[in-house]
Amino acid sequence: MPDFQDAVVHLAVTLLILIIGWAISNLLGRLVRRLADHSSRIDPTVIPILRSVTVWSVRTVVLLAVLARLGVQTASLVAMLGASALAIGLALQGTLQNFAAGIMLLLLRPVRAGEFVSVEGKGLGTVDEIGLFMTRLVQVDGIHLLLPNSLVWGNPIINYSRNATRRLDLMVGVRHDDDLESALAALQRLVDQHADVLKDPAPEVMVMEYRDSTVMLNIRLWTLSDKYWDVRFDLQRRAPQTLRDAGLRSPIPLREVRTTVDAAA
């Protein structure tokens, strides 16, 4: 009877260690996330993986302690787990590639949470989270896009948020027989007076190319990255109106048709 009581107590203590250890791991995970959220030195991109590493490190220690109390030889268990990990690693090469790519993304940080990026050929959006295996982007329409880390790391990444300023090029058409100099001057005044156009580098308006019935003018300017789309949409609306106010006509396709009269007829 005493042996049975000792076994029950031993099992209860072991179960208590498991429950308390599991609770401590969750508590530490929440604490790490809270501290990281309030620290300006920690990139938000690192927080999910930092929390996962903390939680599962504690849980691994707890599980080994529980197994040791149950009489399991942990040394042989670790060796067996190592062999199993090798076999599983060979079977899950793609998953491990995503894990390794996630580590590289977190170490080199070509993208960070809150940045607007384009993974060439895969998608674009604002980086919401880089996890152990997946990167989550929020697209411009609000839809979440989940990409395996290996696709993000293995493809060209265009980061639209890393620089404070960005160049904008906008094409505007003018008829061949309209006053080209008046068009250039009117568009130059438009960008010079625009509140969100940077003065340095100075904005330019230039002739870019000649088409069948249209001279294409290029408006080139620099603006703050977070103002880029507001400036683009505003100039697309105001540039044609500015040319009309200057007495210029909207370019339309023209075709000259000539007829000849047969002298013999």
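A: A salt bridge is taken here as a side-chain nitrogen of Lys or Arg within 4 Å of a carboxyl oxygen of Asp or Glu. The model is a predicted one, in which local features need pLDDT of at least 70 and side-chain atom pairs count only at pLDDT 80 or more, while totals for chains, interfaces and linings use all residues. Residues are numbered from 1 along each chain as its sequence is written, and side-chain values use heavy atoms, with hydrogens and water left out.

By the salt-bridge rule, the count comes to 10. Asp128, Glu129 and Arg136 are linked in a network of such bridges, and within it the side chains of Glu129 and Arg136 meet with N to O at 3.5 Å. For accessibility, buried means under 20% relative accessible area, exposed means over 50%, and partly exposed lies in between (1.4 Å probe, protein chains only). On that scale Glu129 is partly exposed at 27%, and Arg136 is partly exposed at 23%.

Another salt bridge joins Glu209 to Arg211, with the closest N and O atoms 3.3 Å apart; Glu209 is partly exposed at 32% relative accessibility, and Arg211 is partly exposed at 44%.

The pair Arg237 and Asp234 has its closest N and O atoms 2.8 Å apart. Both residues lie in helix H7 (residues 228-245), 3 residues apart, which is about one turn of the helix; helices (H or I, at least four residues) and strands (E, at least two) are DSSP runs, numbered from the N terminus. Arg237 counts as exposed at 58% relative accessibility, whereas Asp234 is buried at 18%.

Turning to the packing, a nonpolar core is a set of buried Ala, Val, Leu, Ile, Met, Phe, Trp, Tyr and Cys residues joined through side-chain atoms within 4.5 Å. The largest such core has 21 residues, of which Leu187, Leu217, Ile219, Leu221, Leu235 and Leu243 touch the most other members. Strand E6 (165-175), helix H6 (180-192), strand E8 (214-224) and H7 each supply at least two residues of this core. Leaving aside neighbours within four places in sequence, Leu187 is in contact (heavy atoms within 4.5 Å) with Val172, Val205, Leu217, Ile219, Ala239 and Leu243. A second, separate core of 12 residues includes Val111, Val119, Leu147 and Val152.
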